[in-house]
Amino acid sequence: MALWLTGAEVCLAQPDPHWLDHDRTRPLPAVITPATASTQEQAGKAPSDALVLFDGQDISQWVSMDGSPTKWIARDGYMECVKGSGYVRTMQNFGDCQLHIEWATPVPAEGEGQGRGNSGVFFGLDRYEVQVLDSFGNKTYADGSAGAVYGQYPPLVNASRAPGQWQTYDIVYTAPRFDAEGKVLSPVWLTVFHNGVLIQNHVQLTGPSSWLERAPYHAHPEKQPISLQDHGNPVRFRNIWLRELGRAGRKEFTLPTTLLEAYAGNYDPIRVTREENQLVAQLGGVKFLMFAESPTKFFAKTTDLQIEFSSGAGGEVDRLIWSVGEGANEAKKKK
């Protein structure tokens, strides 16, 4: 829907009506130390307000899609995809963010088209892909080349470096929003710089990335893991950092499905079930989608319901502590 303003309305329009122009009481931006640039020989440093997701050594923030330890390897300052090991994802969930990631395709270059240096950076767990590919002198379909929003938007230009050289993506991701019935309130938006060159200019995604169809949106929580694709090629990644955008909130994690299954059960008056990668608590006839803020603590976003699980001497989950707004109540797991 287009919005047109009269001359008088234009004069009154402001970026933020809560502040005067040049308002001396307006809070100043936080002071940070900016990032330092990488070279081919050495990764740069993240800005001081960023969360470092991979520092060249510690791969513990990345797991297999089911939450089990990944089989990808970390060595010599990078992590590398191991063929057949599956995607890796972050344990922590993210919504709107700025992501910096560096990658290099194999040398010598083998294969052609989609079979050459193929991987991908996914937001929304495994839904929205920015393609990673060796596109240096390698022809393939435009919306599957390096920097493409896969299946939807080819990059504005091919800014690829030669195989084996380190390349950078700087991606601004705006997560989709859905209403209570699952209707799209706002779609995914992506802006991508490849080796410092703008290749995706705030493009609006039509839905998840897909190989064989134009897939529609399906509702999901705003914050989801970021994942990297195993497409059978030993693509390398280094210097991965992220800045969350917008209002800060609680940290959220996607836990292993085996752990979520261990929590499921009847803790009268609360019944806990697992639905895909999340727990659902039913209390007083109302169902609450629960979000993990740690391996044992969960919270709802519609009502201040908090749950913490505990284990007995044998290591099996046998009770939980729950509260709504105040207090604390213990409920034992029924066998």
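This is a predicted model: local features need pLDDT of at least 70, side-chain atom pairs count only at pLDDT 80 or more; totals for chains, interfaces and linings use all residues.

Student: Which element gives the most residues to the largest nonpolar core?
Tutor: The largest nonpolar core has 39 residues. Elements that give two or more residues to this core include β1 (51-54), β7 (119-123), β9 (167-174) and β15 (236-244). The top contributor gives 4 residues, and that element is β6.

Student: Which residues touch Leu 228, not counting residues up to four places away in sequence?
Tutor: Leu 228 is among the members of the largest core that touch the most other members, together with Val 121, Phe 123, Tyr 169, Leu 190 and Ile 240. Nonpolar side chains tend to be buried together in soluble globular proteins. The residues that Leu 228 touches are Trp 62, Trp 72, Met 79, Tyr 87, Val 88, Ile 101, Gly 120, Val 121, Phe 237 and Ile 240.

Student: How many residues are in the other core, the one with Leu 283 and Phe 288?
Tutor: This core lies apart from the largest one. Ala 292 and Ala 331 are also among its members. Its count is 21 residues.

Student: How many residues apart in sequence are the parts tied together by Arg 236 and Glu 80?
Tutor: The side chains of Arg 236 and Glu 80 meet in a salt bridge, at 2.7 Å from N to O. Arg 236 lies in strand β15 and Glu 80 in strand β4 (residues 78-80), so the parts that the pair ties together are apart in sequence by 156 residues.

Student: Is Glu 80 buried or exposed?
Tutor: The cut-off for buried is under 20% relative accessible area. Glu 80 has 9% relative accessibility, so Glu 80 counts as buried.

Student: Which residue is linked with Glu 80 and Arg 236 in a network of salt bridges?
Tutor: The count of salt bridges comes to 13. Glu 80 and Arg 236 belong to a network of them.

Student: What relative accessibility does Glu 102 have in its pair with Arg 238?
Tutor: Arg 238 forms a salt bridge with Glu 102, with the closest N and O atoms 2.7 Å apart. Arg 238 lies in strand β15 and Glu 102 in strand β6, so the pair ties together parts 136 residues apart in sequence. Arg 238 counts as buried at 5% relative accessibility. Glu 102 also counts as buried, and its value is 2%.

Student: Where does Asp 96, the salt-bridge partner of Arg 177, lie?
Tutor: The side chains of Arg 177 and Asp 96 meet at 2.9 Å, N to O. Arg 177 is partly exposed, with a relative accessible area of 26%, whereas Asp 96 counts as buried at 18%. Arg 177 lies in strand β10 (residues 177-178), and Asp 96 lies in the loop between β5 (88-90) and β6.

Student: What is the area of the nonpolar surface patch that includes Val 157?
Tutor: Val 157 is found in the loop between β8 and β9 and counts as partly exposed at 41% relative accessibility. The patch is made by Val 157 with Leu 156, Phe 193, Val 197 and Leu 198. Its area is about 380 Å².

Student: What distance separates the C-alpha atoms of Ala 74 and Phe 54?
Tutor: Ala 74 is in strand β3 (residues 73-75) and counts as partly exposed at 34% relative accessibility. Leaving aside neighbours within four places in sequence, Ala 74 is in contact with Phe 54, Gln 57, Ile 59 and Met 79. Ala 74 and Phe 54 are 20 residues apart along the chain, and their C-alpha atoms are separated by 9.6 Å.

Notes
Residues are numbered from 1 along each chain as its sequence is written. Side-chain values use heavy atoms; hydrogens and water are left out. A nonpolar core is a set of buried Ala, Val, Leu, Ile, Met, Phe, Trp, Tyr and Cys residues joined through side-chain atoms within 4.5 Å. Buried means under 20% relative accessible area, exposed over 50%, partly exposed in between (1.4 Å probe, protein chains only). Contact means heavy atoms within 4.5 Å. A salt bridge is a side-chain nitrogen of Lys or Arg within 4 Å of a carboxyl oxygen of Asp or Glu. Patches are made of residues with over 30% relative accessible area and no salt bridge: like charges are joined within 9 Å, nonpolar side chains (Val, Leu, Ile, Met, Phe, Trp, Tyr) within 5 Å. Accessible areas come from the Shrake-Rupley method with a 1.4 Å probe; for residues, only the protein chains shown count as cover.
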